[in-house]
Amino acid sequence: MTFNEGGRIDSGRVRSSRGGKGAAIGGGAGILVLLVYLFTGQDLSGMFGGGEPSQQESGISLEHCQTGADANEYVECRMVAGAESLDAFWQAALPEQADIEYRQPGFEVFEGSVATGCGDATSAVGPFYCPPDESVYLDTGFFDQLETQLGAENAPLAQLYIVGHEWGHHISNQQGIMDQMDRQDTGPESDGVRLELQADCYAGMWLSHAANTPDPNSPDNAPLLKAPTQEELTDALDAAAAVGDDRIQKGAGQEVNPEAWTHGSAEQRMRWFTTGYEQGTMAACDTFSAGQL
């Protein structure tokens, strides 16, 4: 999937930062606080008080991100254009299909480490969505890891799938689903897996409609994205499979243990992405009402 070269994008849509020294919740403790929050909903940040406030420096400049052509050339501009396409789609789809007014999530592209409403984090955590500050955080270096460590192509649509997945968490959060789920449950039918598969489905749903979603910033409201080719869809599916729990367990030299799953198997993740892409509705992505996943 490529961006229409003449499409206009707003570089101010995405924040950019580089983590400095002196984090209040530093190193492994910061990662622990974040992961505990994301998987259990329990805020442990008060246990690590007394340090200096986190120091954030300016990250990579995004001023050169002005057009769809820039998004096709530079990964950081692709993040800006992806955010604008996601905003345009969900601005219409969420009120229409769920009777909920869409709120734009924050989106921060960071290097090294970042301070969030869920605690401080480093790039080791990978891309994530933080419910308290309704923001997506992503170090684009993860895309290299996607290929070198997880075995998927570092391709544009694979990258956009990752962004669309994190945006999907924001949509689930707006629906109130995150407040109702059992964060401590694990396993192939657990609430955590259902949440992740819903985000995969929402990512597929967006990519299905993106080429037909008018972009208010572009001339004549032309869509920002072109329709994906089959090869590009394969790249996205490969990325979904690469982050399946069973694939990650195998890659770490472990036996596959479904009862420890928190994100779903490679097969589940590909299937729910495809469901969103082919059916294109939020109702089809209701993993919490689905029987067997």
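Trainee: Ser289 is exposed, with a relative accessible area of 59%. Where in the chain is the place of Ser289?

Mentor: Please keep in mind that this is a predicted model. The 59% of Ser289 is over the 50% cut-off, so Ser289 counts as exposed. As for its place, Ser289 lies in the segment after H10.

Trainee: How far apart in space are Ser289 and Arg194, C-alpha to C-alpha?

Mentor: Along the sequence, 95 residues separate Ser289 from Arg194. In space, the C-alpha to C-alpha separation of the two is 9.5 Å.

Trainee: Let me step back to the whole protein. What share of its residues count as buried?

Mentor: The secondary structure consists of ten helices and seven strands. The accessible surface is about 12500 Å², with 46% of it belonging to carbon and sulfur atoms. Out of 293 residues, the share that counts as buried is 52%.

Trainee: Among contacts between residues at least 6 apart in sequence, what share joins residues at least 24 apart?

Mentor: A contact here means heavy atoms within 4.5 Å. For contacts between residues at least 6 apart in sequence, the share that joins residues at least 24 apart is 72%.

Trainee: By class, how many nonpolar residues are in the contact of H7 with H10?

Mentor: On the H7 side, the residues include Val193, Leu197, Cys201 and Met205. They meet H10 residues, among them Trp272, Phe273 and Tyr277. By class, the contact of H7 with H10 has three charged residues, five polar ones and, for the class you asked about, nine nonpolar.

Trainee: At roughly what angle do the axes of H8 and H10 cross?

Mentor: The axes of H8 and H10 come within 7 Å, and they cross at roughly 140°. That makes H8 oblique to H10, and the crossing is right-handed. To repeat the angle, it is roughly 140°.

Trainee: By class, how many charged residues does the contact of H8 with H10 have?

Mentor: H8 contributes Leu233, Ala236, Leu237, Ala240 and Ala241, while the H10 residues include Arg269, Met270 and Phe273. By class, this contact has nine nonpolar residues and one polar residue, and its number of charged residues is one.

Trainee: How are H3 and H7 oriented to each other?

Mentor: The axes of H3 and H7 come within 10 Å and cross at roughly 100°. That angle lies in the 65 to 115 degree range, so H3 and H7 are roughly perpendicular.

Trainee: Which residues of H7 make the contact with H3?

Mentor: From H3, the contact is made by Gly82, Ser85, Leu86, Phe89, Trp90 and Gln97. The residues of the contact divide into six nonpolar, four polar and no charged. The H7 residues are Tyr202, Met205, Trp206 and His209.

Trainee: Met79 lies in helix H3 too. Is Met79 buried or exposed?

Mentor: Leaving aside neighbours within four places in sequence, Met79 contacts several residues, including Val14, Phe107, Val109 and Leu138. The C-alpha atoms of Met79 and Val109 are 8.1 Å apart, although 30 residues separate the two along the chain. With a relative accessible area of 0%, which is under the 20% cut-off, Met79 is buried.

Trainee: What value is phi of Asp99 near?

Mentor: Most residues other than glycine have a negative phi. Asp99 sits in the loop between helix H3 and strand S3, and it is exposed at 71% relative accessibility. Its phi is positive, near 55°.

Trainee: In which loop is the place of Asn221?

Mentor: Asn221 is not a glycine, yet it has a positive phi of about 55°. With a relative accessible area of 43%, Asn221 is partly exposed. Its place is the loop between H7 and helix H8.

Trainee: Which residues does Ser265 touch, not counting those up to four places away in sequence?

Mentor: Ser265 is in the loop between helix H9 and H10. Its relative accessibility is 6%, so Ser265 counts as buried. The residues it touches are Gly244, Asp245 and Asp246.

Technical notes:
Residues numbered from 1 in each chain as written. Predicted model: local features only at pLDDT ≥ 70, side-chain atom pairs only at ≥ 80, totals over all residues. Heavy atoms only, no water. Helix = DSSP H or I, 4+ residues; strand = E, 2+ residues; numbered from the N terminus. Buried < 20%, exposed > 50% of the residue type's maximum accessible area, 1.4 Å probe, protein only. Areas by Shrake-Rupley, 256 points an atom, 1.4 Å probe, with all protein chains shown as cover. Nonpolar A, V, L, I, M, F, W, Y, C, P; charged D, E, K, R; others polar. Axes fitted to C-alpha atoms, helices over the stretch in contact; angles between N-to-C directions. Parallel < 35°, antiparallel > 145°, perpendicular 65-115°, else oblique. Left-handed = near helix turned anticlockwise from the far one by under 90°.
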